[in-house]
Structures are given as C-alpha cells and as structure tokens.
Amino acid sequence: MKKIILGLVLITMLGLMAGCGQKAESTAISTQAPGILSDFENIKVWDISPERGFNLSISKEHVTEGTHSLKVVYPVDEYPSINTRRLEHNWKECAYFSFDVFNPQDETLDFTVRLDDSSKKRAQVDVPLKPGLNNVRIPISQISARINTGDVSFVVLFLDNPRKRYTLYFDNMRLEKAAAEEPAEAVVENLNSNAAIWAIDDSVKIKPNEPAQENNYVWNGTTKTVTLYSARNEYVAFQLVIKAGKDDVSVSQIAKTDLTGTFIIDKSNIQFFKEHYLKVNDPSSAMYGPVSLGRGEYPDPLIPLESPIDGLPLVVKKGRNQPIWVDIYIPPEAESGIYKGKLIVTGEGFGPEEINIILEVWDFALPDETHLKTFFYYGPEQIVWAHKLKASNSFDYRDLELKYQRIAHQHRMNMSTDVGFYGDWEGFLDRIGTYLNGAAFKDGAGRGVGASLWGVGESFDAEDKAKFQEACEWYMKHFEGQGWGDKPFLYIIDEPGSKEAYDEVRKIGEWIKDAPPPGNKLPFMLTEQVKPQKPDFGSLVGYVNIWCSGQGFPEDMEERRKAGDRIWTYNGGPDGASVVIDTDGLACRSWAWTAWRYNIECWFLWDCTYWVDKHNLKKQERKQTDLWNDPLTFDQRRNPKTKWPDWGNGDGTFLYPGYEKGADGPITSFRMKAFRRGMQDYEYLYMLAQSGKKDIADEFARQLDYRKNKDPKSWYEIRLKMAKEILKR
C-alpha cells in the first residue's frame, strides 16, 4: 500500500473555493459551480506539517494563476506525498479535476494523483510529468466508478520512488465544466513548445489554462482546418486559440485571404477580435440564479485587432491561451457551394502558421427582418461619461450613438432609449427617425429594416391626468402618422413591489384607457408577473397590455395571451440563463430558443451600456467602472439602503466603450455574439415554421432546453439539422 505523508493542508475556510457542489455542513465559500480549489496565493493559509525532508514555500516562479505558486521539494522516500485536509465538496456535476505543475528537472518524473472518498475507497491516476509546464486534467467520469465523487475527501499528490530530491511547482488547482469534446482518460498537456494553435466554435468560453484540443467538431488539428456552415446573410464565427508554451510569444499579424468558390467572399467580410479576459474574484450572487461558474478568468470584451491599444501586436504569456474571435459575414449575393481560404498567423517564437478555412454556404438566406423583437435599453448619459463628452445633444454624441445603433442592429439587437422630445416631433425624428425607418442601417444583416419597438415614458407626467393623456395622444398620433403604430409602448413603472405601487399601475392603466383616441391604444408594458406578489396587492389584469416577467410561464402567460395581452420577458427569462460574465457560453444564445418555446414576443435587457453603477453609488462617487479589470458592474453592497444586496459581474454591459482602447465607438462582447448566434438560430426556426414544419421547429427547441442541455456540440448539431430540413423545402 502506498504510504500517505501529510505534507500539505488546505485550510477549507480560507484557501479552498467550492467546486460544482458543496455539502451543507461545509463552511467553505460556496459557489455551487466549478471554480478554483486553490490558487496558492497566501502562505498564511497553509498549515505545513510534512515528514522529514519536505520543503514547501510560496513562490513567484512558474505562476499560472494569480501571483504565486506552491514550491514543493520532495525528499528521497518510497512514495513522498502532499495531501489535503478532509474536503467537504461534491464533485459529481464537474467534468474535470485539474491543476498545473511545473517540472524544472531535465527528466520525466513518475507522478501519481490519488483521490479518496470518506469510505476510504480510492481512485489512482498515474500522470508522468515531462520537463517544463504540465497541465494535469483528469475527467471525473474516469474516477466516478471507483469512488463516490459526491464525497471526495482527500487529494494526494506523490512521486514514485524518487532517487533524489525533486522540486515541483503547483498552481491553479481547480474543478472545470465539460468541454466540447471530453476525453475519456486523463490528459497531461506538456507546454514546452513555443506555441500551439487550435480552434473551437463560438459557444465555448475558453479558460486561460485549458489544454489545446487536437480535434473537435469544427477543428482538425492534423490538417489545421476549421470547417464551417452558413446560410447567406448570416454571420458565422469561431475562435482561433493561440497557446504559449514554455515562453511568452508575440503575435504581430494575422493575415486573411478571400474565401473562394463559385463566388468570391471578399476578405473584408472577415474580422478579428482579441478576447479580453476579466478576472472574477466575487462570483455573481443568488439573484441571478445558480449560474456562476465561480472565481476565475472569463473572456468577454472583444477588442478589434486593429485597435491602437491592446490590439496587435499582442503577447501571450507562457502556458496561457489567447483566443481570437473570427467573424465571417456571408453576403446575400453569395452563391451556395464550398469556399476555401486561409488565415496566416505570424509572431515571434513561432510561425508563420497557416490555418485553413472550409466554408459551405447553404442555398438559402436569412431574412433581414428579425422576427423575435428585442428591447435593449441604454442610457445616453453612460455614453457621454465613457467617451468624455459634454452632452447627449452634441454632434459628437449623435455620431457615437449612430455607431452603437448600427453595431447593435447587425447583431439583431434593438437598442432603445427614451429621448424626452414630447411636443417636438421634428426633434424626435431628427434624433431617432432613421433608426425607426431603417435608413441608418446600411451594412450587414438587417440593412434598411427599422427598429421594431421604441419605448416612451420619460416625458410623461404621472401626477397630472390631463397632461398624461395628452402625451399618450401625441405619441400615438405621430407614430401612426408615420405608419409606426405598432412600435411605441409605455415603460414608466419598473418592478412594482408594494400595494402602493400596484395602485399606481392601476391608475396609469385607467388613464390610458380613458385617453382620447388614438392615445388609448398606447400599450402599457410592466416588468411584473401576472400573479400578484401578495394577495392583498390586488390583480393588475385589465390594466396592463404587455406582461414582461421571468415568471408565470407557461400557464399564467398563456392565459393572458389568449385574452389578447402581449407576452415579453427580460434579463435571464423563465429558464434563468443569466447575462452575467461568469456563466457558460451558451447562456445568451439560449434566450432566443427560450422565446420560441414559450411564444415570447420580445426579449428585454434592462441595460446594455451600464458602465457606471449609478443606482448604487452616491453622486460624488460615480465614476466609470474599471471595465477592463473589474467585471463587477452592478453591486448593491455599495448602497447602504439595500437590506438584501445582490451583485453581478457584467450585469448591464453587453457592449463596452472603445474610448480607453483608442476606438471611437463601441466594442462588442462574447455575450453579444452569443446572443446574435441565438437570434440567427431563431430565424432558422421561423423559416421552418413558415414552410409548414413548425412541429419540427418545436421539437428542436424542446431538445435545446437550456436548463437540461448545456452541451455546445449538441447545439451545433441541431443547427445543422435545421438547415437540412430547410433545404428539403
């Protein structure tokens, strides 16, 4: 039997983050999600009592997470080991147990990882450590047959009969969720080459320390080929990942060729973005549901490679991944068939590397119209603050707002804000008229198609009935005069939470019904469920036209739809797929699929440019969040009046201001691209339904219920199946 030597103790309260699940009696920090078990940052959290000959210390050498690693000098012994104190974590819902270990010796070492459960059953995995940096990644499925992975009690790390003293550096011990292609056996990736290049699709968030994949459903590592499929008038994307080995590498250029086939897709339709990592130290709270994947780094802002700050050239630190987002737009005039092209990556320490692209364009086009409506609010003051402007009525602001509107429109997002022009229709049209008639949108998907909705309410006087009804009449008269009678809606009360607030809703509803025509046709949208929060609040049925809630699906909402009301949802929606950064790559893609399943007319996001936490900071404290380093954009702990605070990483930031990166306009995000992917998926479902195959579309949507299916490969395959059904016609 191999001897256990107590060489290292993880203090559960201070040094150990929760994994995918956690036992109720544990006192460790709970995230209920994969995350860092230990980042080896603070020597004070280590209770070191090794047997004779061990030497343990915190080191700044060979760091892969944070600023320190754990340096362990193993003695000459039969099986010298270090191990954790008893753990209190449930690993069943995780996919991998991983850690990084640097071997500074010039020889491969025989190394073993052992996991014990509380019944003293053991799972043992041999992982030879080659010289240099190694990423050890053990599938939980490999060990679940041997021990109870819901009750892992010890992690033991030992050398096998070392003939002399050996030094190893450990860092970033963690639990991970499933990757797109899960290997059946343990993987030990040695990172001694200068760099590796690989690719993955657009629904997987790549962590900095993940091992490179040889093959997956879009990538062939042998031929270095990415294979893609697309309709016309569609954006397809993949991630090109550059992984540094034993040394830092510098990428100076990524060149591109035309995609050639029966037609030429000009290379100007291919765009590159550097995925910027944000470090989550404080996982998003329970308000967003059990969605956080825990502490760690997550890719989100997508910085154009041509940006003068943080674009090219870029440096990839040793042992880390740097994903490059690759967007390809297939123009409507492209012919169906096979297209081929190349990317050429050049840098110091490797390359040039050629990446082949094979693109099959299907014989159908996605419509310019977007059939799932959206309302993504933005505050002009946030754009003014972030871009260091003076006012939202300046020429510079108008130019910037147009850029934000255009990029959102190309992602099938309808950005809307209240503009406060009551009584000045010419001023109103001058500000947003081209957004409503589509003249502002000249490029890419959605060209010439106007915004489907526009919210009003800022200029309404809720204290004076006559003035309120006058505003209802004025807006509806002018919108209908332009043929836009179906676009305006009133958004004046948000999330009523008391009987007094419910009374105010009923008052507003009565005022609208009594307004002179056509003011009495102005739809009243309310972010509230149908069933009253408390019985004594009373019902709001009959006073509200548009119910925007994440609850009451399908029963309450279906009943209201049959009665003629309109059904929306917002933020995470009924399936709880949150907007926060620290969740998986499918979350925002899933919104459109959820909307299809529940027959939701519109998806509302409370804010998409919330860069200053104005709801929680005092006026004198308001300053732009350090968006490029601190993802915690909404934090009610900053507000002393909040009794039960919540906080969210990236809540309200679908876009980023390009000012600090030298860009005169918006910077997109991973979440925004994921949302676009879902909205394009929705058009596939719509086209199936229009061709008489709604039952098939419904079945596909049932299979991609985000609550039950978070496998990116499955989502990829369903898209191909939808295309096949569309092509049958």
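Modeller: Helix H11 (residues 694-703) packs with helix H12 (residues 712-728) at an angle of about 175 degrees, the axes lying 11 Å apart. This is a predicted model, in which local features need pLDDT of at least 70 and side-chain atom pairs count only at pLDDT 80 or more. Residues are numbered from 1 along each chain as its sequence is written, and side-chain values use heavy atoms.

Colleague: Why are H11 and H12 called roughly antiparallel?

Modeller: Angles run from 0 to 180 degrees between N-to-C directions, and those over 145 count as roughly antiparallel; the angle here is about 175 degrees, and H11 and H12 are therefore roughly antiparallel to each other. The contact (heavy atoms within 4.5 Å) is made by Ile696, Phe700 and Gln703 of H11 together with Ile718, Lys721, Met722 and Glu725 of H12.

Colleague: What makes E14 and E37 edge strands?

Modeller: Two strands pair if DSSP finds at least two bridges between them, and strand E14 (195-201) and strand E37 (656-657) each pair on one side only. The open sheet has the order E14-E17-E24-E21-E22-E38-E37, with antiparallel pairing. E37 is joined by two bridges to strand E38 (residues 666-669), where Pro666 is the bridge partner of Pro657.

Notes:
Helix = DSSP H or I, 4+ residues; strand = E, 2+ residues; numbered from the N terminus. Parallel < 35°, antiparallel > 145°, perpendicular 65-115°, else oblique.
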